[in-house]
Amino acid sequence: MNREITQQLLDFLQKSPSPYHAVANMAKELEDHGYRCLYEEEGWELLPGGRYYVTRGGSALIAFALPGRPKPESFQIMASHSDSPTFKLKEAPELLVDDRFVKLNVEKYGGMLMAPWFDRPLSIAGRLLIRQGEEIQGRLADAGRDLVMIPNLAIHMNRNANDGQSYNPQVDLLPLFGGREAKGKLMTIMAESAGVSPEDVVASDLFLYNRMPGTIWGANEEFVSCGRLDDLQCAFASLKGLLAAEANPRRAMVHCVFDNEEVGSLTRQGAASTFLKDVLTRIAEDLSMSREENLRALAGSFMVSADNAHSVHPNHGEKADQVNRPYLNEGIVVKFSANQRYTTDGASAAVFRELCRQAEVPCQTFFNRSDMVGGSTLGNLSNGQVALHTVDIGLPQLAMHSPYETAGVEDTASLVKAAAAFYGADIAIRRDGCYRVSLEKGSGRP
Ligand code: CO
């Protein structure tokens, strides 16, 4: 069962080399399960019990299932992100070297580990904006084959290579694309992959990705490795949980995947944007909820911000907190930070732990060492737009922001199970301090 879900995760990662692909794949799966596509530019006519999704920028997605009653009492939201650190192609990227090589001009997208990008087959995927008569349309593009490589400098030419190497992205990280004859070929290859003609390409958003397929490994096949586990592992589990959840009779279930988390979330489709607020507001207005009813629903809502967490590293146990030490295959990690880089507080941790206890899903905890500054995530940024009771969680992993990350085979299933329980649960918040958590459908008192 757990291995089967992990295999499904690998299939999803394999066909999602860019955020645009991840969102397109989620949209397809939602449609297969009866979710209807809505567009922000058009009117919505929502019906109680209806299932819908809306995308923004082609790289962020919000899906929601409404309760059968005329107005939802609250929203139960799980948020994750579609993007991962990589390199983005600049305009006119082909650079000729010594009239022999063509390499590509790229820039960093997010904060990646650079060293593991060397000496491995890479490819290019993203979207093309193409001219169709008087329209400009987006098309997915994926070269889908070993296309570029970033070769290391030999140890003989860099004797300090193993003594704390630093990399200059404008010098060291430009991928080799071909010999002299490759000049002018890149856009042809990308346009062909999208089924369009290169002359019609007006602009593009193209990224490198690691071609190495995901694998399940270890003495007892207890580990899984692949690119983009952060954070497509959580996005995948959130989607599977939504699709597995029983219809919630009182509360709207909201699956939310933002783009641009790795570059600060302050974009039109990022967690700090109005995307979630706009969708929740439109749901309320479309269902004829008054402003007060909407504010009451928001006050009683709960969000799970799901972004991967650091497992204790087998070679660097000293980097983890002394006591709060998450391990692979030991369940969902609840993330804490006193200065609120994670939104978790006692109340939201208690609600989430109680939910996991009832759903029989294991939980662990993460704190940064007190002398280390960790990463941040979606929850607190999203709260700046729409303030919700929020817990920050994630699945434990190693090598975060490498193009080949490692996680535990058991953990995806734990998050799918917790997500399904969360979406279907009756979480009621009363009088700013009383939280009721029940997996029994519709049994709750108001
Ligand atoms: Co992340």
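Trainee: Is Tyr 167 buried, partly exposed or exposed, and how do I read that?

Mentor: This is a predicted model, so we are reading computed values. The general idea is that buried means under 20% relative accessible area and exposed means over 50%, with partly exposed in between. Tyr 167 has a relative accessible area of 27%, so this residue is partly exposed.

Trainee: Which residue forms an aromatic pair with Tyr 167, and what is the geometry?

Mentor: Start with the whole structure, where a search finds 11 aromatic pairs. Take Tyr 109 and Phe 207 as one of them: their ring centres are 5.6 Å apart and their planes meet at 75°, so this pair is edge-to-face. The pair links distant parts of the chain, with Tyr 109 in strand β6 (residues 101–109) and Phe 207 in strand β10 (residues 201–210), 98 residues apart. Tyr 109 is buried at 11% relative accessible area, and Phe 207 is buried too, at 9%. Now to your residue: Tyr 167 pairs with Phe 118, with 5.0 Å from centre to centre and 35° between the planes, a tilted arrangement. This pair also links distant parts of the chain: Phe 118 is in the loop between β6 and β7 (122–132), while Tyr 167 is in the loop between β8 (135–142) and β9 (176–179), 49 residues apart. Phe 118 counts as buried, at 8% relative accessibility.

Trainee: Which residues form an aromatic cluster, and what lies over the face of Trp 44?

Mentor: Trp 44, Tyr 52 and Phe 64 form one cluster. Arg 282 lies over the face of Trp 44, at 4.0 Å from the ring centre.

Trainee: Where is the cis peptide bond?

Mentor: The bond runs from Asp 230 to Asp 231, with omega near 10°. Asp 231 is found in helix α4 (residues 229–244).

Trainee: How many residues of β13 are buried, and what does that tell me about the strand?

Mentor: The idea is to count the buried residues and then check each face. In β13, 8 of the 8 residues are buried, so the strand is largely enclosed by the rest of the structure. Both faces are covered: Arg 251, Met 253, His 255 and Val 257 are buried on one side, and Ala 252, Val 254, Cys 256 and Phe 258 are buried on the other.

Trainee: In which sense do β3 and β4 pair with β13?

Mentor: Strand β3 (residues 60–65) pairs with β13 in the antiparallel sense, over 5 bridges. Strand β4 (residues 74–81) runs parallel to β13, and 8 bridges join the two. Here you can look for Ile 77, whose bridge partner in β13 is Val 254.

Notes. Residues numbered from 1 in each chain as written. Predicted model: local features only at pLDDT ≥ 70, side-chain atom pairs only at ≥ 80, totals over all residues. Heavy atoms only, no water. Phe/Tyr/Trp six-rings, centres within 6.5 Å; stacked < 30°, edge-to-face > 60°. Helix = DSSP H or I, 4+ residues; strand = E, 2+ residues; numbered from the N terminus. Buried < 20%, exposed > 50% of the residue type's maximum accessible area, 1.4 Å probe, protein only. Lys NZ or Arg CZ within 6 Å of the ring centre and 35° of its normal. Pairing = 2+ DSSP bridges.
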